[in-house]
Amino acid sequence: MEKTFIRSGLCLIFSLLLLIHNPIYGQRKKKKKAASENKEQKDSGLKISEFEPTSINKVVKLPGLKFPNINRIAYYRNEKILAQILRLERNKQWAEYRELLYTYVTSFGIQNFLRKEDMDLVWRLANVSEHEGDRALAKETYRLLLRHYRGDFSQALKHYEELVLFEKPLYANLDDYFRLVDKRALIDTLQPPEDVLVDMGSYVNSQFSDYGMTLGGEDQNQLLFTSNRSGRDTSAFNQQFNPSHANEDIYVSEKTEFDMWGPAESFDAINTKYNEGSPYLTKDGKTLYFIRCMTPDGFGDCDIYVSQKKEDGTWGEPKNMGPGINSYAWDSHPSLSMTEDTLYFASDRKGGFGNADIYYSVKKSDGNWGKPKNIGPFINSRGSELSPHPHVKYPVLYFSSSLGVVNFGGFDIYKSFIVDGEFTEPKNVGPLVNGPGDEYYFAIDSDAKQLYYAKSRVKGDPNLDLQSFPLPMEAKPNNTVRFSGRVIEPTTGEVFKGVVTIIDLSDRVEVAPKEIREDGSFDFELVNEKKYLLVIEGDNFFQIEEIFFVEGDKHVQIPAISVNSSLSFASIDFDPGSSKLKPEMENNLHLVVDFLVKHDNYRLLVTGHTDSDGNSKANLKLSKERAEAIRRFLINYGEMEENRVISDGKGDEDPIIYNPQSEDEKRLNRRVEFKIFLDEYRISVPVTDDNFEWSDD
């Protein structure tokens with residue numbers, strides 16, 4: 001039935017008929033013991049629908065565009081081919097035009113990305129790819145354009161947003177997420193995820209800026225980081241340009257036996273009157289890469305240095321990595337690939353895409369480092385890319401960027417999967433990590449369980465603190481399974497607005513909630529072979545909960561029941577002459593409980609009905625007892641106030657079918673009606689044998 005909105009009173013009426021089908025909605029389970037039993041049970045799939053494999057939108061997918069000239073030539077231009085492209089465009093020979101335009105654009109060098117006339121060709125390639133139906137290439141090219149175009153890209157953004165309308169992540173309000181998690185912790189024994197955003201405390205952080213960290217030692221029991229807390233005498237450069245306590249030094253904190261980080265101490269074997277920072281320690285703990293700035297033997301503002309640990313445990317004299325790695329500009333944030341044969345770093349040297357780019361150098365067979373190369377236009381942008389961090393076990397590169405298609409504040413953390421030496425489209429690691437401020441200079445432990453990074457609360461705030469907390473799902477290096485679904489009303493095809501939350505039951509890992517898209521769809525990227533809890537909430541349908549187990553990419557169709565519709569469940573059926581609730585009824589009654597708990601501005605009237613068999617007076621009494629049994633269950637399970645639910649019985653006075661001729665027709669008359677009213681609406685109904693008046697007073 002429709003919702004009718006009236007200023008003086010609003011009511012929503014719906015009926016739960018006793019004889020209907022498909023009791024398929026697993027809601028909140030019985031308290032404590034039942035929840036624990038469900039947690040231990042390994043479900044092979046959602047009860048709400050059969051799993052279907054999906055082959056679209058793979059999580060790990062390399063870009064279709066390739067730019068082989070990026071580190072070969074600075075600029076590409078071919079007048080002859082440009083003339084051919086313009087001729088094909090005039091003649092509207094779109095297939096040939098697209099093919100030749102693709103060949104020309106993918107021949108670009110870095111300088112092409114800095115020139116508006118060349119980026120206009122990228123715009124044309126995106127546009128004609130969209131026109132010719134190649135949506136994948138169009139989306140990829142629009143993203144490239146948004147990352148690099150220096151003019152007005154509003155039209156490109158409009159086209160891109162239309163293409164990804166039903167694909168882009170719509171992260172939900174995190175306050176609602178933590179409300180849901182807290183509610184579940186009170187109701188069920190299912191353990192909620194870990195809390196996030198934990199300051200590392202005064203043993204590590206100071207009143208000054210603390211950032212640029214790495215995990216060191218074979219057991220990763222050392223935290224090395226940068227701080228400008230030092231009171232030592234500074235270099236002439238710092239005294240001239242940063243006289244107010246600007247000296248940067250490296251500090252070390254050791255993990256204690258209680259799995260806590262101890263007091264940070266200065267790394268005196270490395271620190272000098274010059275600025276030192278951005279340390280990176282190899283897996284064996286014997287080689288330290290770091291930066292030192294404005295030194296007499298330096299090549300630029302800041303250079304990358306290396307120091308080896310001696311057999312006696314002391315550190316050798318640091319050595320500048322030389323002009324083969326360092327430049328006349330700023331070079332910083334060194335880190336190594338998981339095989340330690342590739343050095344990644346950030347630099348603002350000339351010839352890059354933006355203010356600062358990420359570069360890499362591959363170690364040669366003689367042990368020397370090769371010529372640095374720009375990592376390319378899919379990672380770098382017209383903005384700044386900093387703090388590259390390859391994971392030590394998984395082929396994933398993390399980095400920080402000031403400019404991304406999905407962005408939550410200033411600098412955000414992104415990740416890119418590495419496949420055969422190439423990098424996938426960067427993904428923002430989500431709002432549980434990135435906020436309205438800046439996030440960069442970070443590290444992840446080898447087991448991908450803990451995240452360490454520097455964070456400012458406000459965009460542009462130079463005073464950073466170190467944070468550490470369990471690595472959320474979006475930031476995992478191995479969340480490569482796509483779990484997607486669509487929430488619809490099964491009979492009408494109606495789609496719903498709402499929020500989908502995934503709770504990791506295996507590892508208690510946070511998963512950022514997402515809003516349901518306009519077409520009813522949602523998707524998550526999860527770790528394979530783990531157990532999860534799916535929770536779907538909305539204002540106009542009943543909450544859905546299911547425990548499921550992920551085994552490969554899956555897609556589910558999720559039927560949701562609108563609160564505006566007539567509802568029916570085969571399980572709500574009393575034994576003849578009995579008013580005792582049966583266990584199989586309870587799961588569907590949770591639908592009503594969840595609605596009332598979430599919408600505390602509504603009240604409920606439960607009315608019982610019987611068929612015409614037997615004595616009318618006895619039928620009236622039985623109908624009231626059945627309605628009261630349901631009322632008591634709803635009140636007790638939902639822990640609601642007594643006046644939130646009222647019960648009544650009509651016996652055989654109000655049948656759906658007069659003069660029923662079959663048992664099925666009689667069972668249709670045996671029903672329970674639920675009427676939901678706003679608090680402000682006043683009604684008077686008989687509750688038991690006595691009259692009870694319900695008012696707002």
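In this predicted model, the largest cavity has a volume of about 150 Å³, and a search of the whole structure returns 5 cavities of 30 Å³ or more. The largest cavity is lined by 15 residues, of which Met213, Pro279, Pro334, Pro388 and Phe442 are the closest to its centre. By residue class, the lining comprises 8 nonpolar and 7 polar residues, with no charged residue. At least two lining residues are contributed by each of strand 2 (210–216), strand 6 (275–281), strand 10 (331–336), strand 14 (385–390) and strand 19 (439–444).

Strand 2, one of the contributors to this lining, also belongs to an open sheet of 4 strands, which are arranged in the order 2-3-4-5 with antiparallel pairing. Strand 2 and strand 5 (265–266) lie at the edges of this sheet and have a single partner strand each, so that one side of each is left without a neighbour in the sheet. In general, the strands of a sheet pair through backbone hydrogen bonds, in either a parallel or an antiparallel manner. Within the sheet described here, strand 3 (residues 222–227) and strand 4 (residues 249–254) are paired in the antiparallel sense over 6 bridges, and Gln222 is found opposite Glu254 in strand 4.

A further arrangement concerns two helices. The axes of helix 3 (residues 94–105) and helix 4 (residues 116–131) come within 10 Å of each other and cross at roughly 140 degrees, which means that helix 3 is oblique to helix 4. The crossing in which helix 3 passes helix 4 is left-handed.

Conventions: Residues are numbered from 1 along each chain as its sequence is written. This is a predicted model: local features need pLDDT of at least 70, side-chain atom pairs count only at pLDDT 80 or more; totals for chains, interfaces and linings use all residues. Side-chain values use heavy atoms; hydrogens and water are left out. On a 1 Å grid over the protein atoms alone, a cavity is a set of points where a 1.4 Å probe fits but cannot get out, and a pocket is an open set with protein on both sides within 12 Å along at least five of seven lines; lining residues have an atom within 4 Å of a point. Grid points are joined across faces, edges and corners, and a volume is the space filled by probe spheres set on the points. Ala, Val, Leu, Ile, Met, Phe, Trp, Tyr, Cys and Pro count as nonpolar, Asp, Glu, Lys and Arg as charged, and the others, Gly among them, as polar. Two strands pair if DSSP finds at least two bridges between them. Axes are lines fitted to C-alpha atoms, for helices over the stretch in contact, and angles run from 0 to 180 degrees between N-to-C directions. Angles under 35 degrees count as roughly parallel, over 145 as roughly antiparallel, 65 to 115 as roughly perpendicular and the rest as oblique. A crossing is left-handed if the near helix is turned anticlockwise from the far one by less than a right angle, and right-handed if clockwise.
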